[in-house]
Amino acid sequence: MAMRFSENADRMDVRYVAGLARIALSDAEAARLQGQLDDILAFVGELKKLDVSGVEVTDVATEAQNAWRADVPIAGLEREATLANAPLARHGQFVVPKVIE
Amino acid sequence: MNDFIASIGLEVHVQLKTRTKLFCAFPAHEEGDPNVAVCPVCLGLPGAMPVMNGEAIRQTVKTGLMIGSRIALRSTFDRKNYFYPDMPKNFQISQQAAPLCLGGAVEIDVGGQPKTIRVNHIHQEEDAAKITHLENSSEIDFNRASTPLMELVTEPDMASPDEAMAFLIALKEMLIYAGISDCNLELGQVRCDVNSSVRPAGTDLLGVKCEIKNMNTFKGIHRALTYELARQVEVLRSGGMLVQETRRWDDEAGVTLPMRSKEYAHDYRYFPEPDLPPVVLDAATVEAWRAELPELPAVKRARFIRDYGLPEYDVGVLTADQALAEFFEAAAQQSKNCKAVSNWVMGELLRALGEQGLGIADAKITPRALAALIALVDAKTINMPAAKEVFQVLFEKGGDPAAVVKEKGLAQVSDAGAIDGFAERAIAANEKVAAEFRGGKETALMFLVGQVMKLSRGKANPQLAAEALRRKLRG
């Protein structure tokens, strides 16, 4: 596949991302979305101008910790309800287009 | 292969033995109809939020404690992004930046050669749904989705398929012992990705790595590695270059094949999971979990050899199952004859359990009763055939061996007068055999002892019977 991207890359290849997401794009769509993606990244890129040298790196937005649940089971959904939104169901299972050859 | 060195590393995924799933309160390990143990969270419906199962954290940390990992007092979760119908929310909640357990090691022994296999880390993650590939479509069952998994990643410390096998067996044994997983391979409770490389002997730099994905039997792993290492050596010998790639084991053909790149996108774009707060542990909690750990199998084996003076073979059989080891130990502590306890447990007890397809918990005989039964044999109150009869009663109904002996009238006859009487009758009824013995045929005595046993309906003390016969035949 084409160019990879990383957190530090300035540019994100829209065709590469679309490939990961299994989305087919026409040339026109790719060009339009690439422009939009570039704009978004440039917008977020404004953050790089900030001096964050004194700020501690964080990985969560709240003060919450743990928030565990006891290991006690409850009854599941009725299967009918589970499968109600499936575009296709058979043998009590979701059916999708074949994913390997 | 001698001029090449193999390096093997394993990524072992183990389903934890919890009652509920990792991020929702629906039953884990559902083996019935498809899609009956599911909810919006494990279906990945938009807006459904995960809530951590504390028991899964405890199990993973306990595994880390068993292998000497450093336990992270603060641990976080990440999203591993990929697109495949087994994970419809399009990411797996896993741990990348700060896993629960760091480092550690498992001791193995291959052909008497002890070796330490280092573990890089253990992290917690959710299992994916199960996909069945059909001719023209694929069917998905979400019962397995979000089952708690831990992934244990080793360093490339194993140098042969045998060592990889020994590592997996040692790990499985520990996990079963500690009640962390049943490690049922047929149910897919242990699945491995197998990394291997070869390099010329005498060099230090690891060769190009190939990964074999999604192996679910130990035998398959052994076969796949044997094939794969030979393949890699062959490529290098013929002057070729190896490329880093992901391969699949075709069990029927007995070969590994490259996977198409579409089947494994390695660009997972991990980022912190915003819907789960960090796991923060204090030292007291970790120590309390450590205190719950059982004695590890290897430690138990060494102790049984030392404390009970048992041969290595016995110890291997007795410690293969923790409940059996406990039964043995409870009986041995109340007995003066540990080897006899071992023989009864390995022999009669395992035979009786096996015949009826039972587990040790189903046996009615108590360790105390077995010890008492052995004492009766050692005191010559009953002989061996009678003891086996008593054992069978105790096994099925429980109770006290002395009472069973009394009830069934099985006590050996050691009364000299009674035995003399049986001996005289045996000789009188078998004059020809008696004459043979007098003529020097020592083995003829055994036949006469048998007759005494028969006359006494199995109750005569065979040693006393033999003595009485000798006395009368010579006298």
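Colleague: Is Leu47(A) buried or exposed?

Modeller: Leu47(A) counts as exposed, because its relative accessibility is 56% and the cut-off for exposed is over 50%. Keep in mind that this is a predicted model.

Colleague: Where is Leu47(A) found in chain A?

Modeller: In the loop between helix H2 (27-45) and strand S1 (68-69) of chain A.

Colleague: Which residues form a nonpolar patch on the surface with Leu47(A)?

Modeller: Ile40(A), Phe43(A), Val44(A), Leu50(A), Val52(A) and Val55(A) form the patch together with Leu47(A). Their accessible area together is about 740 Å².

Colleague: And chain A as a whole, what pattern does it follow along the sequence?

Modeller: Chain A reads α-α-β-α-β-β, with three helices and three strands. Buried residues make up 22% of its 101 residues. The chain exposes about 7,800 Å², and 58% of that comes from carbon and sulfur atoms.

Colleague: Switching to chain B. Which residues of helix H14 (residues 431-438) are buried?

Modeller: Val433(B), Ala434(B) and Phe437(B). They sit on the same side of H14(B), because they cover an arc of only 100° around the axis.

Colleague: What do the buried residues of H14(B) pack against?

Modeller: Three helices of chain B: H13 (416-429), H15 (444-455) and H16 (462-474). Just after H14(B) comes Gly440(B), with a positive phi of about 110°.

Colleague: Salt bridges next. How many does a search of the whole structure find?

Modeller: Over all chains, 36. One of them joins Arg58(B) and Glu292(B), whose closest N and O atoms are 2.4 Å apart. That pair links distant parts of the chain, 234 residues apart: Arg58(B) is in helix H2 (residues 54-66) of chain B, and Glu292(B) is in the loop between helix H5 (283-291) and helix H6 (297-308).

Colleague: What about Arg144(B), which residue does it form a salt bridge with?

Modeller: Asp127(B), with the closest N and O atoms 3.6 Å apart. Both residues lie in loops, so the pair ties together parts 17 residues apart in sequence. Arg144(B) is partly exposed at 25% relative accessibility, whereas Asp127(B) is buried at 2%.

Colleague: And Glu228(B) and Arg231(B), how far apart are they in helix H4 (residues 218-237) of chain B?

Modeller: Three residues, which means about one helical turn separates them. They form a salt bridge with the closest N and O atoms 2.8 Å apart, and both Glu228(B) and Arg231(B) are buried.

Terms used
Residues are numbered from 1 along each chain as its sequence is written. Chains are lettered from A and ligands numbered from 1 in the order in which they are written. This is a predicted model: local features need pLDDT of at least 70, side-chain atom pairs count only at pLDDT 80 or more; totals for chains, interfaces and linings use all residues. Side-chain values use heavy atoms; hydrogens and water are left out. Helices (H or I, at least four residues) and strands (E, at least two) are DSSP runs, numbered from the N terminus. Buried means under 20% relative accessible area, exposed over 50%, partly exposed in between (1.4 Å probe, protein chains only). Accessible areas come from the Shrake-Rupley method with a 1.4 Å probe; for residues, only the protein chains shown count as cover. Patches are made of residues with over 30% relative accessible area and no salt bridge: like charges are joined within 9 Å, nonpolar side chains (Val, Leu, Ile, Met, Phe, Trp, Tyr) within 5 Å. A salt bridge is a side-chain nitrogen of Lys or Arg within 4 Å of a carboxyl oxygen of Asp or Glu. The arc is that of the directions from the helix axis to the C-beta atoms. Contact means heavy atoms within 4.5 Å.
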